[in-house]
Amino acid sequence: MLRVFVICFLTVSAFFVPAASADEAAVRQGFQAKFPKMTVETVSKTPFPGIYEVIFSGQMVYTDEKVTFLFTGNLFDLREQPHRNLTEDRNNRLTASTLASSTNMAVKRVKGNGKRTLYTFEDPNCGYCKKLQEELVKLSNVTIYTFLLPIVAPPDSVEKSKAVWCAKDRGKAWDDLMTKGTVPNGAKNCDTPIDKSIELAQRLGVRGTPAIYLTNGQQIGGYLPSDKIEQALSSVK
């Protein structure tokens, strides 16, 4: 069984002596040899001498160049003020890339010029998702991608999600469902990305609905009032 040790780098020892550098290919080969059932996605050097980042199955761990030790946690760069959380930055970049490449799985709504972007994970029977909808309609000049995530207890969450996805105008169908409670009457047997949306949510660590993400990969919370969402959108550079 793979045992992972949690380590938070708050200080860097002045007595640390880096071993000879190894390239990413060697680390990948060594990791894959020790964990043949895991698929390694990427291997990258970190600024910490002799330490490599390994991404597998959506998880991030760190290892040495000989894959002798394995650990997870937050890696900080103390050279910057305030101290930079390298792990958080990297996770956000990965999340941003994953969301941007998955928009074909989401219900798309464009408000105004749509120049700003927001991602949400929502369930049609989620009370706070309906409250969030009341706030989202107040936003302007934003494109909203909503990933359907039917995880709330009522069994018809899946059926409602399918009805929205199979509707001719998915954006309007979602808006009408969340604001008026109107379920689309059309077919519900088209191909849907719901299973993939659930996998995506699991990969990103989404544990409930709603969940809101910015284009920089930062999750800004669940339900938020429109002014807080506007503030978050304005912070993205």
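This is a short tour of one protein chain, stop by stop.

**Whole chain**

Start with everything shown. The model is predicted. Switch to a cartoon view and look for 7 helices and 12 strands. The C-alpha atoms fill a box of roughly 65 × 40 × 30 Å along the principal axes. Of the 237 residues, 43% count as buried.

Colour the charges next. There are 30 positive and 24 negative ones, and their mean positions lie 2 Å apart.

How much of the contact pattern joins residues at least 24 apart? Among contacts between residues at least 6 apart in sequence, the share is 65%.

**The largest nonpolar core**

Hide the surface. Select Leu-99, Phe-121, Phe-147, Leu-200, Leu-204, Val-206 and Tyr-213. Of the 14 residues in the largest nonpolar core, these touch the most other members. Now show the elements around them. β9 (116-122), β10 (142-148), α6 (194-204) and β11 (211-214) each supply at least two residues of this core. Which element gives the most? It is α6, with 3 residues.

Centre on Leu-99. Leaving aside neighbours within four places in sequence, Leu-99 is in contact with Tyr-119, Phe-121, Phe-147, Leu-200, Leu-204 and Tyr-213.

**Helix α4 and Ser-157**

Move to helix α4, residues 157-166, and pick Ser-157. Is Ser-157 buried or exposed? Its relative accessibility is 1%, so Ser-157 counts as buried; the cut-off for buried is under 20%. Show what surrounds Ser-157. Not counting residues up to four places away in sequence, Ser-157 touches Asp-123, Pro-124, Asn-125, Pro-150 and Val-152.

**The cysteines**

Select Cys-166 and Cys-190 and show their side chains. They form a disulfide, with sulfur atoms 2.0 Å apart. A disulfide is a covalent bond between the sulfur atoms of two cysteines. Where do the two partners sit? Cys-166 is in helix α4, while Cys-190 is in the loop between α5 (170-180) and α6. The two are 24 residues apart, so the pair links distant parts of the chain. Look along the S-S bond: the angle is -95°, and the link is left-handed. The chain's disulfide count is 1.

Check the cover on Cys-190. Its relative accessible area is 30%, which makes Cys-190 partly exposed.

Cys-126 is buried at 7% relative accessibility. Cys-129 is buried too, with a relative accessible area of 0%.

How values were computed: Residues are numbered from 1 along each chain as its sequence is written. This is a predicted model: local features need pLDDT of at least 70, side-chain atom pairs count only at pLDDT 80 or more; totals for chains, interfaces and linings use all residues. Side-chain values use heavy atoms; hydrogens and water are left out. A nonpolar core is a set of buried Ala, Val, Leu, Ile, Met, Phe, Trp, Tyr and Cys residues joined through side-chain atoms within 4.5 Å. Buried means under 20% relative accessible area, exposed over 50%, partly exposed in between (1.4 Å probe, protein chains only). Helices (H or I, at least four residues) and strands (E, at least two) are DSSP runs, numbered from the N terminus. Contact means heavy atoms within 4.5 Å. Lys and Arg count as positive and Asp and Glu as negative; His and the chain ends are not counted. The place of a charge is taken as NZ of Lys, CZ of Arg, CG of Asp or CD of Glu. A disulfide is a pair of cysteine sulfur atoms within 2.5 Å.
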